[in-house]
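Thank you all for coming. I would like to walk you through one structure this morning, going slowly enough that everyone can follow along on the screen.

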Amino acid sequence: MTGRQHALGGDLAESGSVALIAGGTSGLGLATARRLADGGLFPVLLGRSPERGKLALEHLDGRGAFVPADVVDEHDVDVALDVAEQHGPLRVVVNCAGTAHAARTVGRDGPMPLRDFQVVIATDLVGTFNVTRLAAERMTRLDPVYGQRGVVINCASVAAYEGQIGQVAYAAAKAGVVGMTLPLARDLAGLRIRVVTVAPGLFETPLTLTAPTELREQLQSQVPHPRRFGQPSEFAALVEHIIANPMLNGETIRLDAALRLPTR
Ligand SMILES: NC(=O)c1ccc[n+]([C@@H]2O[C@H](COP(=O)([O-])OP(=O)(O)OC[C@H]3O[C@@H](n4cnc5c(N)ncnc54)[C@H](O)[C@@H]3O)[C@@H](O)[C@H]2O)c1
């Protein structure tokens with residue numbers, strides 16, 4: 001991003017700043033790490049699997065670090081933040097860790113197990129808040145650059161608005177991420193930290209590539225234009241813009257090629 005700084009006074013992505021990317025070892029998070037590394041930031045990937053962490057760092061040509069951590073574990077996230085701070089000023093946090101569980105509220109085997117609902121809420125909603133609150137506190141120790149200390153970018157989903165049959169847990173969790181965007185931005189405004197959420201439509205990542213071909217084709221046929229799955233690099237491009245544009249704050253941006261999910 002150096003050399004492409006915002007006309008109104010530069011951006012947060014000064015060369016050498018650190019971006020913590022939760023769920024950064026695959027899919028949207030890994031594409032974001034790559035783009036930010038290309039722009040001069042140092043990505044610190046937070047994820048649960050050391051094997052995937054190793055592969056991700058190879059994909060980044062070694063530009064970054066990996067910390068094994070679960071987003072819902074306070075101690076894990078604190079350790080990841082310690083590692084991040086060893087590499088430079090932590091100015092950017094991207095919350096991409098997420099999981100989904102497809103089940104109807106009442107299915108053939110009875111009510112959806114409460115535990116299944118709780119796991120999705122814990123990862124996608126509580127995990128996002130956990131990383132945000134702990135990282136924002138670390139950012140308060142930094143001097144502002146261009147009037148800002150940092151930016152937190154969360155990942156929701158269009159399911160936050162149009163949850164389909166069988167998506168009750170995922171839709172509730174992502175609606176929570178959308179719902180906390182403005183209060184987070186308001187809470188952190190005095191600390192000069194922005195909070196922006198992206199709500200992706202359909203993107204080609206391990207999350208969607210595992211779906212049966214028939215289902216993928218059916219989903220794709222519902223995307224108005226362009227009629228295809230988005231590429232993770234297109235998500236990463238938006239993240240880069242959010243970092244660079246100080247007027248984006250407290251908002252959720254749909255990135256969905258005009259997709260509005262139908263009932264099923
Ligand atoms: N791919 C899509 O079409 C799409 C659409 C809308 C929203 N999203 C959201 O985008 C985000 C990224 O998803 P993706 O498509 O890149 O899928 P992905 O499965 O490649 O990425 C999710 C990552 O989160 C990690 N993760 C899960 N639980 C975790 C935990 N407790 N602690 C730490 N890491 C954990 C996984 O290991 C994985 O690396 C998710 O929040 C997902 O819900 C994706």
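What you see here is a predicted model, and I will begin with its open sheet, which has 7 strands in the order 3-2-1-4-7-8-9, with parallel pairing. At the edges stand strand 3, residues 65-68, and strand 9, residues 252-255, and each of them has a single partner strand, so one side of each is left without a neighbour in the sheet. If you compare neighbouring strands of this sheet, ignoring direction, they are turned by 20° against each other on average. For those new to the topic, strands of a sheet pair through backbone hydrogen bonds, and the pairing may be parallel or antiparallel.

Helix 1, residues 27-38, lies across strands 1, 2, 4, 7 and 8, and runs at about 170° to strand 1. Helix 3, residues 74-86, lies across strands 1, 2, 3 and 4, and its angle to strand 1 is about 155°.

Next comes the ligand, and here I would ask: which residues come nearest to the ligand? There are 27 residues around it, and those that come nearest are Ser 26, Leu 28, Tyr 170, Phe 203 and Thr 205. An N or O atom in the side chain of Ser 26 is 2.7 Å from an oxygen atom of the ligand, while in the side chain of Arg 48 an N or O atom is 3.2 Å from a nitrogen atom of the ligand. Phe 203 takes part through its backbone, where a polar atom is 2.8 Å from an oxygen atom of the ligand. Taken alone, the ligand exposes 820 Å², and the protein buries 94% of that.

The elements that give two or more residues to this shell are helix 1, helix 5 (168-189) and helix 6 (206-209), with the largest share, 3 residues, coming from helix 6. Sorted by class, the shell has 13 nonpolar, 10 polar and 4 charged residues.

Finally, please look at two details of the backbone. Tyr 146, in the loop between helix 4 and strand 7, has a positive phi of about 50°, although it is not a glycine.

How values were computed:
Residues numbered from 1 in each chain as written. Predicted model: local features only at pLDDT ≥ 70, side-chain atom pairs only at ≥ 80, totals over all residues. Heavy atoms only, no water. Pairing = 2+ DSSP bridges. Helix = DSSP H or I, 4+ residues; strand = E, 2+ residues; numbered from the N terminus. Axes fitted to C-alpha atoms, helices over the stretch in contact; angles between N-to-C directions. Contact = heavy atoms within 4.5 Å. Near = heavy atom within 4 Å. Polar contact = N/O pair within 3.5 Å; in protein donor to acceptor, adjacent residues only side chain to side chain. Areas by Shrake-Rupley, 256 points an atom, 1.4 Å probe, with all protein chains shown as cover. Nonpolar A, V, L, I, M, F, W, Y, C, P; charged D, E, K, R; others polar.
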